[in-house]
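Here is a walk through one structure, taken a step at a time. Keep the model open as you read.

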Amino acid sequence: MSDLKYIAGKEPHPRERRMIFKNVDREGWDQSIDTYEKDGGYEMLKKALKMEPGDITSEVKAGGLRGRGGAGFPTGVKWGFLPPNNEKPVYLICNADESEPGTFKDRYIIHQDPHQLIEGMVISCFAVNAKLAYIYIREEFPEGAAILEKAIEEAHAKGYLGKDILGTGFDLEIYVHRGAGAYICGEETGLIESLEGKRPYPRIKPPYFPAAMGLYLCPTIVNNVETLCHVKHIIELGGEEWAKIGKPNNTGTRLLCVSGDVQKPGYYEVEVGSLTMGELINDVCGGLKEGRKLLAVIPGGSSAKVLRGDETYQVGDDELTIWDIPMDFDTLAACGSMAGSGGVIVIDDSRSISWVLNNINAFYAHESCGQCTPCREGSLWMKKITDRVVAGKASPQDIDTLYGVAKNIDGRTICAFGEACSWPTESFVEKFKDELVADTKPELSDDILNPESELAAAGLG
Amino acid sequence: MSEEKSDLIDVQINGEWHSFPKGTRMIEACRLAGFEVPHYCYHPKLTSPGNCRMCLVEMGMPPRPRPGEDPPEPDEDGHVPISWIPRPAIACANTIAPNMGIRTESEMTEECREGVMELLLANHPLDCPICDQAGECSLQEFSVEHGNGQSRFREQKVKKPKNVDIGPRIRLDDERCIMCSRCIRFMDEIADDPVLGFTDRGSHTTLTVHPGHELSNNYSLNTADICPVGALTSNDFRFQMRVWFMKETHTIDTNCATGCNVTVFSREDKIYRVIPRRNDDVNSDWMPDSHRLNIHWIDSEARLTDPLIRDEDGKNHRVANWAEALQRSAEALRDFDGGEIAVIASARMTNEELLITKRLVKQLNAGHVDVVPRVGEPDGYLISADRNPNTNGAKLVLGVEDPGASLDQIKDGIAQGRIKALICLQENLVDDAGFSAENLGKLDFLLTSYPLANPTAEAADIVLPGACWAEKSGTMINGTGRLQRLNKCIDGPGQTRESWEIVRDLIQALGGGNGIYSATELFAQLGDEVSEFEGITFGQIGDLGIPLIETDETIPLLEREAERKAQGLIVG
Ligand SMILES: Cc1cc2nc3c(=O)[nH]c(=O)nc-3n(C[C@H](O)[C@H](O)[C@H](O)COP(=O)(O)O)c2cc1C
Ligand code: SF4
Ligand code: SF4
Ligand code: FES
């Protein structure tokens with residue numbers, strides 16, 4: 001490890017453990033297959049191709065790998081959902097739509113180490129017997145798409161892709177598909193619809209669980225970019241060894257994307273749970289800005305529930321301050337939030353809470369696909385209320401309405417966007433009600449801003 | 001229906017246990033148990049996108065024991081206690097599972113409905129007083145039942161296109177659209193003409209036609225029927241009449257041999273609209289636009305309203321009363337030998353009318369009998385190649401084996417003077433059967449009955465105003481051999497009479513008494529004369545008809561529906 005050199009100013013922090021990001025910002029590194037091979041690239045593929053496909057899945061299960069796309073679902077278990085007597089083609093889709101606000105990790109893998117992803121994908125495809133795979137890449141990553149195309153071509157030329165890979169008889173093609181420019185294209189069934197050439201309307205589950213009825217209604221595995229890269233390292237170390245990284249049930253390393261009010265925002269790869277929030281902010285990210293206090297942290301992308309800076313959290317028998325929270329899946333869940341996509345958004349006391357919430361609500365109102373009623377109507381309604389809070393045109397009752405609207409979305413929608421858009425509001429109102437109410441005016445209580453409702457209020461409705 | 005015991009699944013609905021076949025959707029199970037689950041996007045004939053969320057219900061499953069825990073003891077009926085899930089489930093797309101519990105009336109379910117209603121109404125224009133759907137709007141209905149009566153919505157509403165011209169027969173008001181996608185799915189899945197879709201996203205989602213296309217398919221009006229709100233309305237019907245003022249009659253479409261089941265909406269003897277009525281053995285839930293809109297001639301100026309007799313001068317017609325017209329007809333007909341008389345009836349007549357026509361033929365000993373065939377291109381959906389509604393009746397009851405086969409002989413007979421008298425019932429021989437006015441002019445006597453003035457009437461000695469399909473009752477046999485009921489919706493104008501009445505009176509005027517006072521009596525007598533009708537009562541036919549005879553005709557739309565049902569895509 002010590003012989004790795006990184007570009008000056010971009011060296012990893014000593015608390016980091018670089019596996020996935022080993023080559024990111026590395027001195028003398030480029031995206032070419034030669035460079036990758038010189039560094040031991042595709043050796044793990046050779047190793048994996050000598051294994052039984054089922055054994056690869058077993059290793060992934062033993063490693064306890066949890067998906068890095070947001071939900072933290074165990075990858076090996078997901079692969080195990082493929083129907084045992086399936087006769088249809090199996091597809092694997094790499095979700096490179098990275099659009100959760102606060103998340104910026106997959107793009108670095110794609111931009112700087114595309115072959116790591118491809119190697120991880122070929123191994124994963126071999127494990128699940130997929131002969132066709134797609135990388136669904138966010139529309140806003142044109143350069144990434146070009147890099148991947150080139151990498152695929154190189155891998156082809158070297159026999160890592162295509163027919164009869166390395167003489168094993170295993171065939172695989174990977175195609176890059178540019179996304180349709182919407183956040184919802186990252187939701188796996190919306191992504192599948194989009195890949196099929198339709199509007200990215202997420203599908204109802206049941207019955208459309210991708211592992212059973214995914215792309216073209218065939219069994220399909222959707223995994224995040226980072227997740228698929230981890231597979232390569234699990235092959236390298238073996239599931240059991242790999243599982244020693246991190247904490248039980250929270251294994252491996254993970255990429256944290258820290259943004260907001262810290263001295264050194266950026267991406268950091270750490271062993272899951274090896275750092276507390278305090279260590280992440282103060283040690284790794286150089287602390288808060290001069291003279292500022294921590295107001296809140298959104299720990300797993302903008303849809304994660306907000307944590308209040310001055311709150312204490314009961315985790316098992318322990319009472320933790322925000323600074324003490326280890327950044328792992330289970331603890332963050334126990335604190336009422338989630339590790340999500342790894343996007344840690346730090347908010348200090350220079351920020352207006354109303355403004356922060358309104359900014360989030362504006363994003364979700366803009367990105368709701370509009371298919372199902374609660375999210376379609378609720379997301380814009382919440383945005384409009386917080387628009388008025390920010391503009392000083394809301395009343396304290398509006399905050400209650402805001403909360404009520406969020407509750408009417410949560411748990412009642414087709415896809416998890418419903419939670420993604422309602423959790424911020426729910427948690428902000430639960431934790432920052434006084435701050436929000438402080439931005440409202442009691443005298444505006446009876447204001448109605450649309451003529452239709454005025455009529456209705458007058459008794460016609 | 002006898003289901004194998006193993007194919008039945010026990011579910012608990014609002015505390016009571018029921019058994020339903022495997023694969024039953026939750027919403028259908030609830031309906032069968034007597035609990036209507038409110039819904040917007042769900043339609044049994046279309047796929048279920050689960051988008052409106054109105055059908056959310058509280059649901060539970062058997063408890064899943066933790067590792068090491070014993071599974072719960074089943075009670076004497078084999079049921080275990082239900083572990084209720086804190087997250088509601090949609091009833092429309094989910095199928096039942098063993099030992100599932102459903103609560104359609106619980107606090108959670110009510111809260112969900114109230115929430116969805118409030119959200120659906122948030123950006124709705126609330127323009128019911130000027131909306132044509134008022135009175136049959138599911139949004140209105142469910143908001144009364146499940147809404148909380150007061151809106152917390154204070155914001156500016158989303159503005160969308162109004163009064164959008166999306167095709168020749170349908171108009172769109174996007175502000176009223178609740179984005180249930182029923183219309184989109186109908187055009188895609190049933191009409192195979194996917195011209196509708198959504199643009200934009202979130203609350204700005206807007207229904208539209210694809211660029212360069214229009215909603216002009218011959219099934220487009222079905223979208224207005226299934227639109228749960230007033231977003232899609234029929235150009236023909238909108239603003240004509242409030243729905244609650246109209247009388248509804250269940251009858252059948254007579255534009256072709258399919259005999260789509262319909263509901264006719266009328267007021268004061270005027271028909272305002274016809275919509276399809278569900279019959280899974282005939283038309284599913286749909287009907288073609290061309291058929292439902294073929295109603296405006298019924299109250300047109302061209303209707304014959306009085307019996308007419310050719311003037312003594314032989315040129316013009318004068319108004320007569322029924323007695324005189326029938327008397328004159330009988331007198332004239334007595335002068336001919338049976339061999340000199342032809343009767344051309346119609347495959348648009350009911351079985352009862354055909355039966356009594358058969359008696360007239362016998363009474364006159366008429367030598368020539370036929371009906372006028374109508375053939376067109378089948379559309380591959382519901383429209384049959386046979387554009388007569390009761391060809392099978394004409395064959396079975398009147399005994400015309402090959403409809404239209406003797407028309408040419410009749411023409412020749414007239415031309416050669418062998419046929420001297422012609423009775424034409426409910427047909428227009430000049431326009432529809434290739435008779436020329438010249439040919440008809442050779443006849444010594446021509447009697448015609450028809451609803452509309454026409455060139456055949458022009459040439460006739462006696463013109464009798466006949467009731468149209470909407471003005472009479474009886475039965476017909478559709479292309480697939482199904483016996484169906486035609487029900488009178490309105491009274492015909494002026495002195496019009498139903499054909500069975502006209503024929504009965506003519507027989508009487510000819511001296512043959514029969515004492516028949518209604519079409520139902522004729523129906524009862526059908527069993528005596530036509531074996532296929534033996535033992536069938538009028539009541540038995542019901543609203544949906546019964547299979548009567550075997551034919552080799554199938555209805556393509558139904559075949560495809562059966563396939564989709566077999567695939568589990570639709571409930572059917
Ligand atoms: C609204 C929404 C947006 C999502 N966006 C992304 C995304 O951009 N990238 C991603 O990997 N997963 C995203 N997901 C999660 C995916 O649905 C899916 O769970 C994930 O790709 C599975 O990969 P994993 O198991 O490797 O985490 C999103 C989920 C939702 C509900
Ligand atoms: S929850 Fe939102 S994003 Fe998901 S399907 Fe419904 S409207 Fe679309
Ligand atoms: S127009 Fe009517 S049927 Fe079509 S999506 Fe809107 S509400 Fe549904
Ligand atoms: S009826 Fe619309 S979601 Fe079930």
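A salt bridge here is a side-chain nitrogen of Lys or Arg within 4 Å of a carboxyl oxygen of Asp or Glu. By that rule, one salt bridge crosses the interface of domain 1 of chain A and domain 2 of chain A. A:R66 forms a salt bridge with A:D330, and their closest N and O atoms are 3.1 Å apart.

This is a predicted model, where local features need pLDDT of at least 70, side-chain atom pairs count only at pLDDT 80 or more, and totals for chains, interfaces and linings use all residues. Residues are numbered from 1 along each chain as its sequence is written, chains are lettered from A and ligands numbered from 1 in the order in which they are written, and side-chain values use heavy atoms, with hydrogens and water left out.

Now step back to chain A. Its domain assignment (bounds from an automatic or database source) gives domain 1 (33-244), domain 2 (255-348) and domain 3 (353-457). The centres of domain 1 of chain A and domain 2 of chain A, over C-alpha atoms, lie 28 Å apart. In contact (heavy atoms within 4.5 Å) are 15 residues of domain 1 of chain A and 20 residues of domain 2 of chain A.

How much area is buried between domain 1 of chain A and domain 2 of chain A? About 1,300 Å², with 60% from carbon and sulfur atoms. Buried area is the accessible area (1.4 Å probe) that two parts lose on being put together, summed over both. A:R66, A:E100 and A:F104 supply 34% of what domain 1 of chain A buries against domain 2 of chain A, more than any other three residues.
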